[in-house]
Amino acid sequence: QVQLVESGGGLVQAGGSLRLSCAASGLTFSNYTMGWFRQAPGKEREFVAAISWSGGGTDYADSVKGRSTISRDNAKNTVYLQMERLKPEDTAVYYCAAKWILRSSYDYWGQGTQVTVSS
């Protein structure tokens, strides 16, 4: 049974930083591209960042590029999202997702962790 468990969310002031973590189990972690998505109240879920199975390739949404870093530790089956210079518009539930390397869509999703940025 695949599980993705996010942690590290919370309340932070604008300009602050957070590091989100996602611990994966029940899958061969190094065979999966990992992604972070977010959903703000009343909005569609949107892509934030992704990292290839090896960690050698990353991709970011324009809204977080330059302020966020995605990384992974395949020995710990964990993916991270370091977010800096947070803005109120970053407020959302952040989800971790896993996509098998040959697939085009994400196979597994976590339950999400709330990030709230106060102005």
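Start by selecting Asp90 and Arg67: the two form a salt bridge, with the closest N and O atoms 2.8 Å apart. This pair ties together distant parts of the chain, since Asp90 lies in the loop between S8 and S9, while Arg67 is in the loop between strand S6 (58-60) and strand S7 (68-73), 23 residues apart. Keep in mind as you look around that this is a predicted model.

Now colour the two residues by accessibility. Asp90 has a relative accessible area of 2%, and Arg67 comes out at 9%. Buried means under 20%, so Asp90 is buried at its 2%, and Arg67 counts as buried too at its 9%.

**Next stop: the other side of Asp90**

Arg38 belongs to strand S4 (residues 32-39), and Asp90 sits in the loop between strand S8 (78-83) and strand S9 (92-100), so the pair links distant parts of the chain, 52 residues apart. Asp90 and Arg38 are both buried.

For a salt bridge in another setting, select Lys65 and Asp62, whose side chains meet at 3.3 Å, N to O. Are these residues buried or exposed? Lys65 is partly exposed, at 48% relative accessible area, and Asp62 is exposed, at 68%. A search of the whole structure gives five salt bridges.

**The disulfide**

Show the cysteines next. The search of the whole structure turns up one disulfide, which joins Cys22 to Cys96 with an S to S distance of 2.1 Å. The two partners come from distant parts of the chain: Cys22 is in strand S3 (residues 18-25) and Cys96 is in strand S9, 74 residues apart. A disulfide is a covalent bond between the sulfur atoms of two cysteines.

**Into the nonpolar core**

Display the side chains of Met34, Trp36, Ile70, Val79, Leu81, Met83 and Tyr94. Of the 28 residues in the largest nonpolar core, these touch the most other members. The elements that contribute two or more residues to this core are S3, S4, strand S5 (46-51), S8, S9 and strand S11 (113-118).

Centre the view on Ile70 and show what surrounds this residue. Setting aside its neighbours within four places in sequence, Ile70 is in contact with Met34, Trp36, Ala49, Ala50, Ile51, Thr58, Tyr60, Val79, Tyr80 and Leu81.

Switch to a cartoon and pick S4 and S5, which pair in the antiparallel sense over five bridges. Met34 stands opposite Ile51 in S5. Six residues lie between the strands of this hairpin, and Gly42 takes a positive phi near 75 degrees there.

Follow the chain on to S6. S5 and S6 run antiparallel and are joined by three bridges. Look for Ala49, which stands opposite Tyr60 in S6. S5 and S6 make a hairpin, with six residues between them, and Gly55 in the turn has a positive phi of about 90 degrees.

**Last stop: the open sheet**

Select S1, S3, S8 and S7. In what order do the four strands form an open sheet? The order is S1-S3-S8-S7, with antiparallel pairing. Strand S1 (3-7) and S7 stand at the edges with a single partner strand each, so one side of each has no neighbour in the sheet. From one strand to the next, the twist averages 15 degrees. Strands of a sheet pair through backbone hydrogen bonds, either parallel or antiparallel.

To finish, zoom in on S7 and S8, which run antiparallel and are joined by six bridges. Pick Ser68 here and look across to Met83, its bridge partner in S8. Met83 also brings you back to the core, as one of the residues that touch the most other members.

Notes: Residues are numbered from 1 along each chain as its sequence is written. This is a predicted model: local features need pLDDT of at least 70, side-chain atom pairs count only at pLDDT 80 or more; totals for chains, interfaces and linings use all residues. Side-chain values use heavy atoms; hydrogens and water are left out. A salt bridge is a side-chain nitrogen of Lys or Arg within 4 Å of a carboxyl oxygen of Asp or Glu. Buried means under 20% relative accessible area, exposed over 50%, partly exposed in between (1.4 Å probe, protein chains only). A disulfide is a pair of cysteine sulfur atoms within 2.5 Å. A nonpolar core is a set of buried Ala, Val, Leu, Ile, Met, Phe, Trp, Tyr and Cys residues joined through side-chain atoms within 4.5 Å. Contact means heavy atoms within 4.5 Å. Two strands pair if DSSP finds at least two bridges between them. Axes are lines fitted to C-alpha atoms, for helices over the stretch in contact, and angles run from 0 to 180 degrees between N-to-C directions.
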